[in-house]
Structure formats: structure tokens, C-alpha cells
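Dear colleague,

I am handing over the structure below, and after it you will find notes on what was found. Please read them with the sequence and the structure side by side.

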Amino acid sequence: QVQLVESGGGVVQAGGSLRLSCAASGHTFIIYNAGWFRQAPGKEREFVAAISRSGGTTDYADSVKGRFTISRDNAENTVYLQMNSLKPEDTAVYYCAADSSFLPKEYDFWGQGTQVTVSS
């Protein structure tokens with residue numbers, strides 16, 4: 001079992017940046033692959049980015065490629081999502097997830113989410 005807690009959300013103007021953090025506890029985090037998802041009001045949850053155990057492999061949704069960067073610090077049991085050039089359509093609750101597989105159909109562990117609001 002692993003527990004995930006997101007932080008770093010907030011309100012930012014379009015074109016600005018935020019860095020989200022996902023702190024893991026309860027188990028050795030290095031054994032888990034991780035991902036970020038988001039859910040906007042009235043929409044389904046969507047994939048944003050994923051990173052492998054070692055951090056050597058990443059994947060991104062087309063909508064965030066070139067603007068967002070996922071990374072991890074296994075010594076700190078933390079996964080990050082650096083978000084640059086933010087747009088109003090990036091407004092959503094952002095969730096961190098972890099799983100033993102890379103890009104699974106369903107992640108086993110989820111955080112509670114952190115709100116990101118981008119104003120125009």
C-alpha cells in the first residue's frame with residue numbers, strides 16, 4: 001500500500017507556471033510507476049503524464065506536450081509535475097496515481113487531488 005498526497009495547486013494567470021508535488025508514504029515508492037491525471041468540471045478524468053520507476057521513461061498527453069514536465073525524486077518519495085504556459089483549459093483538479101505497471105488501464109493508488117485554476 002502507498003498513500004499519495006498532492007500539493008502545489010492554486011490560482012494562476014494564463015501563461016503562468018505551477019509545480020505540483022505528490023508525496024508518497026507507506027511503501028517503498030521506487031517500486032511504483034506514477035502518473036498525473038486531471039478532471040475538469042463536467043468532464044471525465046483524463047491522463048496528463050506518466051513516469052516509470054526510475055524516471056527514465058515518460059509519457060504525456062498531446063494537450064500538454066512541450067508545456068508540462070513530469071519528474072520524480074525517489075530519495076524524497078515525491079513525483080512532480082511542472083506546468084508552464086498554462087491555459088484556462090488546464091483548469092481542473094489534478095490527481096497523482098501510482099501502480100506497479102507503467103501506463104496501466106487502471107492505477108491502484110490515488111491521491112485526493114489538488115485544484116488548479118488558470119484565469120484568462
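The count of salt bridges comes to four, where a salt bridge is a side-chain nitrogen of Lys or Arg within 4 Å of a carboxyl oxygen of Asp or Glu. This is a predicted model, in which local features need pLDDT of at least 70 and side-chain atom pairs count only at pLDDT 80 or more, while totals for chains, interfaces and linings use all residues. Residues are numbered from 1 along each chain as its sequence is written, and side-chain values use heavy atoms, with hydrogens and water left out.

One of these salt bridges joins the side chains of Arg38 and Glu46 at 2.6 Å, N to O. Arg38 is buried, with a relative accessible area of 6%, whereas Glu46 is partly exposed at 35% (buried means under 20% relative accessible area, exposed over 50% and partly exposed in between, with a 1.4 Å probe and protein chains only).

Another salt bridge pairs the side chains of Arg67 and Asp90 at 2.7 Å, N to O. This pair links distant parts of the chain, 23 residues apart, with Arg67 in the loop between β6 (58-60) and β7 and Asp90 in the loop between β8 and β9; strands are DSSP runs (E, at least two residues), numbered from the N terminus. Both Arg67 and Asp90 are buried, and salt bridges that share partners join Arg38, Glu46, Arg67 and Asp90 into one network.

Asp62 and Lys65 also meet through their side chains in a salt bridge, at 3.2 Å, N to O. Here Asp62 is exposed, with a relative accessible area of 65%, and Lys65 is partly exposed at 48%.

Technical notes. Helix = DSSP H or I, 4+ residues; strand = E, 2+ residues; numbered from the N terminus.
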